[in-house]
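Please read the points beside the sequence and the structure.

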Amino acid sequence: KKSWNLFYFFYLNFFYIVKSFKKLSVSVSERHASIQTTLEGLEGLVDLNGAGRKSCPLCPEEKFKACYSHKLRRHLQNLHWKVYVEFEGQRMCICHLPCRQLKSSLGSDQVRSGLVAHYHCVVCSVTIARKTDMISHLKRHINKGETEASYSGSSDAYEIMKELGTNVQLLPNHTTPQKTDTYFSRKMKTNRQLVFCSLAVLAEERNPLECLDAFGATGIMGLQWAKHLRNSVKVTINDINEACVKMIKENCHLNHIRVEGNRTGRQLDGAGDADSPIALVEVVKMDANVIMHLRPFDYIHLDPFGTSVNYLDAAFRNVRNLGIVSVTSTDTGSLYSKSLNVTLRHYGCQIVRTEYYRELAARMVLASVARAAARCNKGIEVLLAVALEHFVLVVVRVLRGPTQADESAKKLRQLLHCQWCEERVFLKPGSMVEENLYRQLPCQCHGSMPGKTAIELGPLWAGPLFNTGFLRRMLVAAVQHNMEDIQPLVKTLICEADCTTLKPFPVLGYSALSNQAKRKTTGEDSGNVLKKIKADTSLEHPAFYYSIHRHSIRGMNMPKLNKFLQYLTEAGFRVSRTHFDPTGVRTDATLAQFKEVLTKYSVPTYSSTPQSSAVSSERRQTL
């Protein structure tokens with residue numbers, strides 16, 4: 001019996017050693033070839049003792065051509081081994097293989113640029129270009145206690161994030177677009193919720209909808225559509241990157257969503273189980289322009305890294321009549337007047353930095369959208385335009401026909417902007433040459449100031465930026481899906497569309513309000529759709545806004561913003577707050593009338609009373 005126990009003990013130890021050796025061999029096999037412990041290990045990647053020419057294992061053929069052994073050995077020592085980064089006995093040599101490809105900075109993020117030399121992290125397997133950045137990256141691992149090598153085959157490198165009931169996996173460098181393809185930004189949560197609400201409103205009008213998320217990345221936006229709207233939408237998530245497509249499919253399984261064409265036996269048999277799929281999503285690996293040319297959609301969302309003007313023509317080519325196109329632009333440098341040469345190159349607009357630069361950016365994007373739609377004989381109806389710190393979002397409805405295209409093209413005008421007082425006005429349409437354009441400005445700066453006092457900006461979108469009926473239905477969708485973060489923003493947009501002060505919004509039952517707002521586009525009602533769209537639009541709101549702090553009077557205490565809105569209303573002007581600027585006031589009053597009311601209700605400030613000033617002068621004399 002003792003001998004049997006001893007045999008069993010040795011058997012368990014032997015089994016544990018074999019299992020540990022298998023784990024070690026798997027981890028070593030999954031490790032990248034550029035991570036070695038010795039120079040002999042790096043040279044062992046290729047047979048240097050054999051005859052003939054040999055290629056470098058860490059360089060592509062177009063960078064380093066095949067050569068003889070003595071030259072290849074010097075290449076491995078001087079180019080790869082001498083610049084290694086060491087961590088826990090492992091040496092990370094520089095790699096020139098196509099593992100890392102930076103995206104183009106000109107806005108076409110689906111066009112691959114040249115190969116970039118990089119290092120592979122021994123801890124999280126991420127690729128980093130600079131040696132100093134890799135050293136800093138490893139120090140962060142040490143500070144977090146992540147000193148054990150977990151190579152790319154392990155699942156511990158993923159981070160699970162939940163938003164709106166949807167789980168997605170995130171890679172370590174998900175916040176840096178240049179370091180990862182599966183980019184994800186938590187700051188864009190407002191953008192995702194606004195897009196979701198606009199799709200929910202369209203799904204109430206007609207279903208099922210064919211909707212496209214042209215730039216999936218992690219796929220979170222398309223997964224939210226499929227998970228909450230279910231059978232009302234047929235979601236297609238597209239991305240050109242293979243790593244993104246793989247990540248999207250993994251996130252689909254994480255949320256119990258079946259990928260179309262990827263059916264398993266458990267998913268088909270377990271219809272009533274908890275793990276059965278709740279929705280169906282199609283994942284496509286294709287260029288965004290190609291898929292929008294090939295297939296028609298009811299709803300298209302464009303959210304590339306940077307400008308979106310490269311994809312507008314393809315988006316309007318096949319979008320269905322009365323469909324919706326939402327465009328997110330994150331190139332805030334060119335939109336917010338920081339890179340004027342890039343603005344002229346991408347949007348064909350001449351602008352300067354103004355107090356209303358965010359609304360200027362929204363109207364500039366809408367002008368590009370209207371021109372792209374007009375080239376396809378389509379017009380647009382603007383439903384929503386939002387410009388916040390990190391993005392500019394515009395949502396438009398597509399109206400087919402050359403007549404609609406002509407109507408939209410007529411709303412593209414030049415803006416006359418005074419450089420002294422920042423008064424502005426859209427130039428009147430017409431082909432007649434006007435002798436003095438300054439007469440269209442309400443201000444008198446040209447008569448009192450020498451030289452050219454005003455400049456022409458644009459062309460810009462001169463029509464309305466909001467549709468009140470659509471925004472009210474978006475508010476109902478936000479309440480139904482418990483999106484508390486964007487409800488104050490949508491309420492501000494509704495007041496801005498009506499140009500009225502903030503007032504309480506009664507939250508009606510979703511079914512009751514949706515029945516009032518629903519517009520079906522089939523059968524007998526299809527001919528009355530345009531009339532219903534016009535009925536949704538309220539009185540057109542005034543263009544642009546004034547900042548109360550920008551035009552405050554020196555030495556005067558201006559009234560509180562809400563009080564000032566009340567004073568303007570009492571003076572007979574339409575007035576509202578604006579989401580573009582927390583201190584901005586949208587009103588139909590001219591700048592002179594705005595300043596007149598502001599001066600009337602401002603109180604002078606005195607730093608010291610006459611008595612105190614006399615006492616201070618006596619003290620100075622005694623001193």
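Is Ala 387 buried or exposed?

1. Ala 387 is buried: the relative accessible area is 0%, which falls under the 20% cut-off for that term. Please keep in mind that the model is predicted.

2. As to its place in the chain, Ala 387 belongs to strand 16, which covers residues 378-387. Leaving out residues up to four places away in sequence, Ala 387 touches Tyr 336, Arg 358, Val 392, His 579 and Phe 580. Thr 332 lies 55 residues from Ala 387 in sequence, while the C-alpha to C-alpha distance between the two is 9.6 Å.

3. Glu 496 sits in helix 17 (residues 487-498). Glu 496 is buried as well, because its relative accessible area is 0%. Its side chain makes a polar contact of 2.6 Å with the side chain of Thr 578.

4. Which residues does Glu 496 contact, apart from neighbours within four places in sequence? They are Phe 466, His 541, Ser 576, Arg 577, Thr 578, His 579, Phe 580 and Arg 586.

5. Three strands form an open sheet in the order 21-24-23, and their pairing is antiparallel. Strand 21 (546-547) and strand 23 (575-577) are the edge strands, each pairing on one side only.

6. Strand 24 covers residues 584-587, and two bridges join it to strand 21 in the antiparallel sense.

Key: Residues numbered from 1 in each chain as written. Predicted model: local features only at pLDDT ≥ 70, side-chain atom pairs only at ≥ 80, totals over all residues. Heavy atoms only, no water. Pairing = 2+ DSSP bridges. Helix = DSSP H or I, 4+ residues; strand = E, 2+ residues; numbered from the N terminus. Buried < 20%, exposed > 50% of the residue type's maximum accessible area, 1.4 Å probe, protein only. Contact = heavy atoms within 4.5 Å. Polar contact = N/O pair within 3.5 Å; in protein donor to acceptor, adjacent residues only side chain to side chain.
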